[in-house]
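Here's a quick briefing on the annotated active-site residues of this protein. Take a look at the structure first, then read on.

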Amino acid sequence: MSSPFPKIAEKVQGVQILGPIPENAKHIYTPEALALVATLHRAFESTRQQLLANRKEQQKLRDQGNLPDFLPETAYIRDDPTWTGPPLAPGLEDRRVEITGPTDRKMVINALNSGVATYMADFEDSLTPAWNNLVDGQVNLYDAVRRNLTATINGKNYALNLDAGRHIPTLIVRPRGWHLTEKHVLVDGQPISGGIFDFAIYFFHNAKEALARGFGPYFYLPKMEHHLEAKLWNDIFNHAQNYIGLPRGTIRASVLIETLPAAFQMDEIIYQLRQHIAGLNCGRWDYIFSYIKSLRNHKEFILPDRSQVTMASPFMASYVKLLVHTTHKRKVHALGGMAAQIPIKDDPERNRKALENVAKDKLREVEAGCDSCWVAHPALVPVVLKVFNEHMKGPNQIDLPPRQPYKKITQRDLLSPYVDDAKITEQGIRANIVIGISYIEAWLRNVGCVPINYLMEDAATAEVSRSQLWQWVTHGAKTDAGQVITKQYVKRLLEEEYAKLVTTAKPGNKFKKAFDYFVPQATGEAYSDFLTTLIYDEVTTVGRAIPANKL
């Protein structure tokens with residue numbers, strides 16, 4: 001068969017797609033777009049692999065007692081007061097409330113109708129990277145940028161509210177982290193980076209259209225552990241902008257500071273992205289996960305029940321203070337953390353208390369100097385907007401004097417595990433078991449975020465759950481009742497909670513497979529770098545390779 005794109009075929013030689021492209025997505029997965037994917041892969045994959053290998057070396061050093069600290073070799077960047085990020089980009093001046101969620105069509109419509117400032121469309125922690133999800137997500141974002149978004153789901157019609165004068169949230173896309181591979185796309189026979197794939201497809205089709213509509217190609221960058229990982233993104237941005245003929249600096253990126261090593265390199269991360277940086281975000285759940293993971297060999301860093309590890313905990317509060325100080329010094333946004341609550345419709349009093357706690361948490365953030373916060377559900381928007389509108393009169397707090405005197409944050413401040421009245425309870429162990437198994441089960445069904453006990457759980461919270469169990473078993477921690485947390489004890493609780501989950505589960509569930517994956521991780525028998533990489537092959541599509549010049 002001859003190529004329908006004879007001038008493009010040669011450019012995408014060596015590109016293969018291992019999943020089907022439906023009719024409604026053929027305008028997305030074109031040879032022209034895949035040519036950019038291939039170009040970026042060939043230019044930058046070796047660097048990505050070097051940086052991933054460096055992560056493993058750094059973890060070995062931490063295991064041996066070399067704890068994370070500020071880098072002496074980059075002190076000149078931290079100590080130089082003269083450099084800043086770029087001016088705030090159109091649509092990113094005021095970000096007081098941001099909503100996040102996966103890229104299914106209903107979610108995209110509801111998010112853009114929710115009245116927030118920005119919407120982070122997520123290809124990472126809240127999306128299972130099954131091929132159909134990725135294809136569908138890019139189609140939905142293509143339509144969202146063009147304001148051409150409708151859907152009929154279970155007989156109900158959904159549409160983008162385009163009433164005159166109404167604000168439509170600025171769209172920001174979160175590609176996958178550097179550790180995640182996209183096995184459905186091969187370049188020269190090699191699977192490519194999931195992050196490069198997500199970025200390149202969205203950027204190629206939507207960058208110029210977004211600019212024409214008054215915003216731009218904006219991204220959230222997850223899970224980086226070193227400032228050179230930010231440099232890699234910056235190099236990719238420059239290459240991609242050159243490729244389609246946009247000025248360098250058109251792209252803007254907000255970085256999630258959600259790993260412990262990155263907390264010691266905030267200035268350096270901003271510096272590496274200084275032409276493209278929009279702000280740093282407090283990625284609280286992944287940060288707790290990274291804290292446990294990074295320090296897992298050291299008994300002195302055991303954390304108590306997840307419910308006790310709040311943003312008011314000293315080591316978490318120090319991380320926020322450093323982030324706000326660093327971002328505002330560099331004239332970019334300090335982006336607050338997630339409110340993961342969802343409505344408790346059958347218990348108004350409990351719902352009222354939950355919303356009160358959300359309001360208190362957001363008041364703490366705005367008073368700490370944050371310019372925004374995240375919510376997981378549209379019902380939280382009025383509550384959070386009220387707090388920010390009352391306590392942040394301008395579009396942001398970047399140029400305002402700090403509300404609280406800043407005291408230099410030290411290595412000890414960022415590492416201290418101290419939590420008031422810290423305790424590990426059997427209830428906390430059981431909660432981690434339920435969250436971990438339930439999340440993996442949903443993920444295996446291609447659902448990347450799931451409500452559990454009126455909280456929206458995603459990969460980050462599941463990672464905290466399994467990491468805590470591993471940490472407690474490995475170091476022989478004790479519950480508040482004096483029970484040593486042994487492998488046998490946790491196995492008993494795992495079996496009890498699994499039996500409850502199976503009893504109430506729907507037919508066709510994947511709890512058995514989820515249980516089998518979770519048990520070794522929870523009992524200290526194994527510890528994978530990420531749950532998502534551990535179980536990724538379960539959602540890959542095995543199909544005929546389609547050369548890109550035959551699409």
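Asp-458 counts as buried because its relative accessibility is 16%, where buried means under 20% relative accessible area with a 1.4 Å probe and protein chains only. Keep in mind that this is a predicted model, in which local features need pLDDT of at least 70, side-chain atom pairs count only at pLDDT 80 or more, and totals for chains, interfaces and linings use all residues. Residues are numbered from 1 along each chain as its sequence is written, and side-chain values use heavy atoms, leaving out hydrogens and water.

**Around Asp-458**
- You'll find Asp-458 in the loop between β15 (455-457) and α16 (459-474); helices (H or I, at least four residues) and strands (E, at least two) are DSSP runs numbered from the N terminus.
- Not counting residues up to four places away in sequence, Asp-458 touches Asp-125, Ser-126, Tyr-439, Gly-448 and Cys-449, with contact meaning heavy atoms within 4.5 Å.

**The annotation**
- An unreviewed UniProt entry lists Arg-174 and Asp-458 under "active site", though such annotations may be inferred rather than shown by experiment.
- They're spread over 285 residues of sequence yet cluster in space, with a largest C-alpha distance of 14.3 Å.

**Around Arg-174**
- Arg-174 sits in strand β6 (residues 170-174).
- Arg-174 counts as buried too, because its relative accessibility is 4%.
- Beyond four places away in sequence, the residues Arg-174 touches include Tyr-220, Glu-258 and Trp-374.
- Its side chain makes a polar contact with the side chain of Asp-122 at 2.7 Å; that term means a pair of N or O atoms within 3.5 Å, and within protein one must be able to donate a hydrogen and the other to accept it, while residues adjacent in sequence count only if both atoms are side-chain atoms.

Key:
Buried means under 20% relative accessible area, exposed over 50%, partly exposed in between (1.4 Å probe, protein chains only).
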